Amino acid sequence: MGLKFQFLVVGFLLNLLGFGQKDSIPTQEYIETFPDKFTVRVGLLNTSNSFVFTDTNTANRVELEPNKKTYLGVSFLFRSLELDLGFSPDFISNNTDNEGSRLFTLNFRMFWNQWMQTLDFYSQKGFFVNTDLGNEQFPSIRTLKVGGTTAYIFNQKFSFRAVGFQNEWQKKSAGSFIPRFTFYYTRYGLQGTDFDDDVNSYDIAIGPGYHYNLVIDENYLFGVGSTAGAGINITSSPTETTTSALYELILRGNVGYNSERFYSGINANIIFLEHNENRQTRLDDRISFLEFYVGYRFNAPKKWIKAS
């Protein structure tokens, strides 16, 4: 598969919705902002959405593993404006055997005071189907996922923007209780499998969470966090519609280095959406995210600072 560019202009949407970087942080002793800096950021990203289907009557278990791709991304940031360019180069090893497959993702985060909104979009085509009889490639299987989480950060001394977003930096260790509301819609095109071809799934969950940023020697940051929640799942197909309990687990970890100009780090995140077994077909959903990044801050043009 050749180079496939993906463009994401978040700044315009952020300004329309009123999300910005100008919100005052009452405790500058804990958080440093960079309102007058223009940032260039390069990242190596691997993300995918995998699924497990289990027929509870026959114990037939099918794992859908997408033909994963590694993306190289370049970001340009100034306050609440961000422009991301990404492509999947063929010289990366796990991109070479994905002819005919497709993965298009958008993942971004928005802030308003102590509120945080994440939005995810996954469009995938081409999966490896893992069964007891072995692995087989199904290039026609498709999935589409849209959704995200809404969270509230209780402790204003804790910066979630310092976790990968890098528009702020945590100067002193702090943690926060962060409850979340989660919603995802997923559409499946399961051509060639023993399950219904067209399946729609709705996941709704709410639960408490906690995240902690540990500052090591001022410039180094180590963060961990998790959320455990519960809710409902509604799955519909041409033959039946079922409702079941949903159990959610979100795990996040990050390490980073930061200075006035240069920063780098690693972000990892995984979401488990598990459904109970009082149904004919059990569907379990996993979203994984891994990123390595480096960035550099320049002084923004004075015209930009005056205009914003």
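User: R41: buried or exposed?

Analyst: R41 is buried, because its relative accessibility is 9%. Buried means under 20% relative accessible area, exposed means over 50%, and partly exposed is in between, with a 1.4 Å probe and protein chains only. This is a predicted model, where local features need pLDDT of at least 70 and side-chain atom pairs need 80 or more, while totals for chains, interfaces and linings use all residues. Numbering runs from 1 along each chain as its sequence is written, and side-chain values use heavy atoms, without hydrogens and water.

User: Which residue forms a salt bridge with R41?

Analyst: E291 does, with 3.1 Å between the closest N and O atoms. A salt bridge here is a side-chain nitrogen of Lys or Arg within 4 Å of a carboxyl oxygen of Asp or Glu.

User: What parts does that pair tie together?

Analyst: E291 is in strand β18 (residues 281-299) and R41 is in strand β3 (residues 37-55), so the link spans 250 residues in sequence. Strands are DSSP runs of E, at least two residues, and helices are runs of H or I, at least four, numbered from the N terminus. E291 is buried too, at 10% relative accessible area.

User: How many salt bridges does the structure hold?

Analyst: Five. One of them pairs D285 with K145, the closest N and O atoms being 2.6 Å apart. D285 is in strand β18 and K145 in strand β9 (residues 134-152), so this pair joins parts 140 residues apart in sequence.

User: D285, buried or exposed? And K145?

Analyst: D285 is buried, at 1% relative accessible area. K145 is also buried, at 1% relative accessibility.

User: What does R286 pair with?

Analyst: E274, at 3.9 Å between the closest N and O atoms. R286 lies in strand β18 and E274 in strand β17 (residues 262-275), so the two parts are twelve residues apart in sequence. R286 is partly exposed, with a relative accessible area of 26%.

User: New topic. Where does N213 lie?

Analyst: In strand β14 (residues 209-216). N213 is buried, because its relative accessibility is 0%.

User: What does the N213 side chain reach?

Analyst: The backbone oxygen of S159, at 3.0 Å. The side chain of N213 also makes a polar contact of 3.2 Å with the side chain of Q170. A polar contact is a pair of N or O atoms within 3.5 Å; within protein, one must be able to donate a hydrogen and the other to accept it, and residues adjacent in sequence count only if both atoms are side-chain atoms.

User: What else is N213 in contact with?

Analyst: Setting aside neighbours within four places in sequence, its contacts include F158, V163, S173, A174, L221, F222 and G223. Contact means heavy atoms within 4.5 Å.

User: Now phi. What is the value at N113?

Analyst: Near 55°, positive in a residue other than glycine. N113 sits in the loop between β7 (102-112) and β8 (115-131). N113 is partly exposed, at 46% relative accessible area.

User: And what is phi at E218?

Analyst: About 65°, again a positive value in a residue that is not a glycine. E218 is in the loop between β14 and β15 (220-236). E218 counts as exposed, because its relative accessibility is 61%.

User: Last one. How many helices and strands does the chain come to?

Analyst: Two helices and 18 strands. Of the 308 residues, 50% are buried. Among contacts with a separation of 6 or more, 68% are between residues 24 or more positions apart.
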